[in-house]
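Please view the sequence and the structure first, and then read the points grouped by topic below.

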Amino acid sequence: MLKPEILDTFLQLLDDARAGSDPEPTAMSLSTVDSAGRVSSRIVLLKGADERGFRFYTNYQSDKATQVEAHAQVALCFHWKILREGVQVRVEGVARKLRDEESDAYFASRPRLSQIGAWASLQSQTLPDRETFEQRVARYEHEFEGRDVTRPPHWGGYVVEPDMVEFWYGAEFRLHERVRWSRHGQTWTSRMLYP
């Protein structure tokens, strides 16, 4: 569980980024490792943060999900250039699948075409041409015509349960401020790091 002080600091920074001119304040880099030890990073969107950790959603058959299944330890990084002299939040921890009820609730809140896209996309697989994807979208639009789009069984969420959170505050002349929180069992401790 995240210590309230850590969560409150993160949520305040996220609110500040939302209030500023950041076009996508929930964007975060997600780094995973495959079974051969190869590291991959990509940008995903944060869809919630609470005392459990940081939530995102994806296709469970995608490369990222396959890598999470092979090696659940992941890293996240937020970077908000518009705050102060720049702010980063680094997170390391274990990614765990969310309960079906949570994934169902979030899926139901998505725009309809995004729901259709979750059915139509064979995420990370080879796409022969754009027309093939558009045909799949049309197929599922027809299949769900006149009724709610249900969540595909291959699509859902993860929560990253942190054991490390670092707040990095930019400063002039590279004299940054870094505060790292580490969890040992159920206890969180903090320390400052040289920039």
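A residue is called buried if its relative accessible area is under 20%, exposed if over 50%, and partly exposed in between, with a 1.4 Å probe and protein chains only. By this criterion, 43% of the 195 residues in the protein chain are buried. The model is predicted: local features need pLDDT of at least 70, side-chain atom pairs count only at pLDDT 80 or more, and totals for chains, interfaces and linings use all residues. Residues are numbered from 1 along each chain as its sequence is written, and side-chain values use heavy atoms, with hydrogens and water left out.

**Overall architecture**

- The protein chain holds five helices and nine strands; these are DSSP runs numbered from the N terminus, with helices (H or I) of at least four residues and strands (E) of at least two.
- The order of these elements along the sequence is α-β-β-β-β-α-β-β-α-α-α-β-β-β.
- The C-alpha trace of the protein chain spans about 55 × 35 × 30 Å along its principal axes.
- A contact requires heavy atoms within 4.5 Å. Among contacts in the protein chain between residues at least 6 apart in sequence, 62% join residues at least 24 apart.

**Strand β5 and its partners**

- Two strands are regarded as paired if DSSP finds at least two bridges between them.
- Strands β1 and β5 run antiparallel and are joined by three bridges; Ser31 stands opposite Ala75 of β5.
- Strands β5 and β6 also run antiparallel, with eight bridges between them, and Cys77 has Arg90 in β6 as its bridge partner.
- Six residues lie between the strands in the hairpin of β5 and β6, where Arg84 takes a positive phi near 50°.
- In a regular strand, side chains alternate between the two faces of the sheet. In β5, the covered face carries Val74, Leu76, Phe78 and Trp80, and the uncovered face carries Gln73, Ala75, Cys77 and His79.

**Helix α2**

- Helix α2 (residues 63–70) includes the buried residues Lys64, Ala65, Gln67 and Val68.
- These residues lie on the same side of α2 because they cover an arc of only 160° around the axis, the arc being that of the directions from the helix axis to the C-beta atoms.
- The buried residues of α2 pack against β1 (27–33), β2 (39–45), β4, β5 (73–80), β6 (87–97) and β7.

**Aromatic rings**

- Rings of Phe, Tyr and Trp (its six-membered ring) pair if their centres lie within 6.5 Å; planes under 30 degrees apart count as stacked, over 60 as edge-to-face and the rest as tilted.
- The structure holds 13 aromatic pairs.
- One of them is stacked, because the rings of Tyr106 and Trp155 have centres 6.2 Å apart and planes at 10°.
- This pair links distant parts of the chain, with Tyr106 in helix α3 (residues 100–109) and Trp155 in strand β7 (residues 155–169), 49 residues apart.
- Ring pairs also link Phe10, Phe54, Phe78 and Trp80 into a cluster.
- Lys97 lies over the face of Tyr60, at 4.2 Å from the ring centre; a charge sits over a ring if NZ of Lys or CZ of Arg is within 6 Å of the ring centre and within 35 degrees of the ring normal.

- Arg55 belongs to strand β4 (residues 53–59) and counts as buried at 14% relative accessibility.
- Beyond its neighbours within four places in sequence, Arg55 is in contact with several residues, among them Met28, Leu98, Glu102 and Tyr158.
- The side chains of Arg55 and Asp50 are joined by a polar contact of 2.9 Å. A polar contact is a pair of N or O atoms within 3.5 Å; within protein, one must be able to donate a hydrogen and the other to accept it, and residues adjacent in sequence count only if both atoms are side-chain atoms.
- Gln115, in helix α4 (residues 112–120), counts as buried at 7% relative accessibility.
- Not counting residues up to four places away in sequence, Gln115 touches Phe107, Ala108, Arg110 and Val149.
- Trp155 counts as buried at 6% relative accessibility.
- With residues up to four places away in sequence left out, Trp155 touches residues including Tyr57, Tyr60, Ser103, Tyr106 and Ala118.
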